[in-house]
Amino acid sequence: MTENTNTPVPEEQIAVPETCDANERTAPEETTEPTAEEAIETTPEPVTELALETATEEATPDFSDEEAELAAAAPEFDLGEENEQEKEQAADTDLAGKLAGKTKAELLEMFAELLGTKPVQSIRREAEAIKTAFYKAHRVHTEELKAQFIAGGGAEEEFVAPSDADEQRLKDLFAEYRKRRSEHIATLERSKEDNLKIKLQIIEELKELVSGNETLNQTFNSFRELQQRWREIGPVPQANVKDLWETYNLHVENFYSYIKINKELRDLDLRRNYEAKIALAEEAEALILETSVVEAFHKLQKLHEQWREVGPVANEHKETLWDRFREASGRVNKAHQDHFDRLKDEQKANLDLKGQLCTKVEQLADAAYSSRKGWSKASDELLEIQKVWKTIGFAPKKDNAKVYERFRTACDKFFEQKRSFYVEARGEMDHNLRLKTQLCEAVEALQDSEDWRKTTDDIIALQREWKVVGPVARRHSDTIWKRFRSACDKFFERKSTHFSGREDEQDQNLIRKRELLSELEQADVALGGFEMIKDFQRRWSEIGFVPIKKKEAVQKEYKALMDKMFDALRGSDHTRSMDRFKNKVSEMRTAGGDRRLRGEREKLIARVKQLEADIALLENNIGFFAHSKNAESMIRDVREKIDRARQERDEALQKVRVLESSEE
């Protein structure tokens with residue numbers, strides 16, 4: 001009854017299998033059907049199905065973030081889109097770490113303080129973060145009440161969460177926030193309309209300047225006053241910005257043409273405007289290298305507002321300056337658009353992947369399983385699907401809550417049906433407990449026997465009977481198994497001591513493993529590739545036990561050689577990739593593609609910056625998983641993502657160096 005360790009290894013991350021060794025407690029020579037003189041390994045207790053259910057549910061990925069997002073997305077919390085003032089004033093920081101671990105009362109106090117101390121237009125992101133953190137804490141509290149209810153003898157399906165005064169307080173605060181925000185937006189829109197009227201009046205006054213009878217100096221001073229008033233007026237409705245500015249600029253041009261101010265004064269003004277627009281163009285060009293494309297886009301909007309407010313320049317500079325400013329703006333806008341196009345494509349792909357997982361879970365939930373083995377296999381499959389789900393990013397906002405609700409509903413249906421199946425199986429488990437108790441008593445009666453042949457056969461037969469008997473209730477499983485295993489181990493330890501001189505087979509196995517290590521040292525993985533590695537793993541696992549004193553050293557040497565082969569295999573793939581890139585660069589250089597080479601370099605540098613930002617974000621996020629149920633698994637997944645990002649970043653930097661060396 002030796003456990004088979006030849007499990008398939010995933011190609012994306014091949015792990016060297018650990019050699020299974022039971023020398024410490026079982027007869028080491030047992031590899032075939034035992035005879036009277038041979039010992040057998042005590043059969044591990046099969047995990048009961050109810051225990052498996054518990055293990056599955058405990059190992060299920062934590063969906064508290066998504067459930068809190070779902071609760072926080074209720075209609076009474078909908079604020080609509082952010083206005084421009086909120087986008088500019090809201091701090092672009094991740095508040096999740098600061099709010100983690102806060103109680104509901106503390107979160108409500110923070111929300112109330114925000115409403116009392118900060119402008120309503122500047123607290124949207126804090127309000128959204130507090131709302132989500134509140135529902136995470138609310139869900140934890142509800143689960144604790146549910147656990148207490150069940151521990152007190154209540155049925156899980158009968159639990160009803162009590163009304164929560166804290167939740168009502170949150171809704172009241174949010175209603176007050178929505179009211180104040182709506183009033184502010186209404187006031188802002190009225191202010192924009194008033195500003196529009198004032199600016200239209202200024203344009204009318206500009207028109208009148210060209211027909212007035214004042215002196216040149218008086219007219220020019222009036223013109224300056226109108227310009228200053230124009231600049232001091234706040235924003236106007238977005239729909240009127242373009243036409244209003246074009247009309248204003250036209251009448252400014254008309255004013256300069258009409259009054260024919262003296263050349264010295266006009267040139268001074270044009271030169272001042274020229275220098276101001278040169279500075280704005282340089283600022284726009286600097287935004288091309290800005291790490292955050294979103295931040296660069298918002299800064300560009302402000303530069304455009306300033307450009308509109310600067311007066312005209314000499315005709316010989318007008319087109320050149322505008323073309324320079326427009327080209328820089330186009331590159332920033334394109335990077336911004338490309339960034340959100342990529343996000344949109346990723347979210348669409350995530351939605352498609354999540355839809356596929358929903359379909360798989362629904363198929364599992366709709367299937368009818370009539371055996372514990374069937375439920376066990378389906379549970380394992382569902383657990384793997386849930387783990388995959390947690391690795392997929394968000395879907396589009398309008399679909400994210402909907403697809404999660406679909407997924408969670410299917411999971412709940414599956415586990416509800418599974419729970420019903422095991423409720424019906426409780427009577428059978430009580431019967432199994434009586435049978436296993438009788439088997440324990442039978443083995444305990446044999447544990448001190450010295451009739452090695454007959455007793456071995458008898459205990460083997462009892463072990464086979466144990467395997468046939470089904471699972472017992474979870475509260476008895478560990479105790480009854482330890483009792484049975486202890487009696488079996490006691491006999492086989494005594495027998496192992498009796499036959500301790502049988503070490504020849506293990507010595508032969510050690511020789512065979514050392515011969516295989518020699519082959520590994522001389523093997524060329526570049527010729528055999530992944531298939532060669534799998535063949536070596538298979539041959540190693542087929543060799544039996546070695547002397548216990550040699551086990552750790554020979555296993556360590558084997559692992560080191562396998563790691564070296566994997567590194568060599570990955571290195572050859574990287575070398576081929578860089579060779580293809582060098583050929584590509586050579587072809588572009590031969591075809592006179594300097595511009596393409598520069599574009600390729602800029603794209604790689606941008607990718608490096610994005611990867612470094614991703615790495616920093618992932619490393620920062622590791623600290624947020626400390627309070628999660630499955631922190632170890634989640635941190636391991638994040639570290640794997642960090643390693644992949646670093647590898648891609650290093651490869652991109654190497655390609656940049658190839659491009660730079662080709663330009664020399």
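Among contacts (heavy atoms within 4.5 Å) between residues at least 6 apart in sequence, 81% join residues at least 24 apart. The structure is a predicted model, in which local features need pLDDT of at least 70 and side-chain atom pairs count only at pLDDT 80 or more, while totals for chains, interfaces and linings use all residues. Residues are numbered from 1 along each chain as its sequence is written, and side-chain values use heavy atoms, with hydrogens and water left out.

The protein holds 22 helices and zero strands; here helices (H or I, at least four residues) and strands (E, at least two) are DSSP runs, numbered from the N terminus. Of its 664 residues, 38% are buried, where buried means under 20% relative accessible area, exposed over 50%, and partly exposed in between, with a 1.4 Å probe and protein chains only. The accessible surface comes to about 39300 Å², and carbon and sulfur atoms account for 50% of that area. Such areas come from the Shrake-Rupley method with a 1.4 Å probe, and for residues only the protein chains shown count as cover.

Helix H21 spans residues 594-622. Its 29 residues reach 42 Å from first C-alpha to last, close to the expected 42 Å, a span taken as 1.5 Å times one less than the number of residues. Buried positions in H21 are Leu597, Glu600, Leu604, Val608, Leu611, Ile615, Leu618, Asn621 and Ile622. An α-helix has 3.6 residues a turn, so residues three or four places apart point the same way.

Turning to a loop, Gly470 lies between helix H16 (452-468) and helix H17 (474-498). Gly470 touches Asn432 and Lys436, leaving aside residues up to four places away in sequence. Arg372 is 98 residues from Gly470 in sequence, yet their C-alpha atoms are 9.2 Å apart in space.

Finally, the cysteines: the count of disulfides (pairs of cysteine sulfur atoms within 2.5 Å) is zero. Cys440 is in no disulfide, and the nearest cysteine sulfur, that of Cys488, is 8.3 Å away. Cys440 counts as buried because its relative accessibility is 0%, and Cys488 is likewise buried at 0%.
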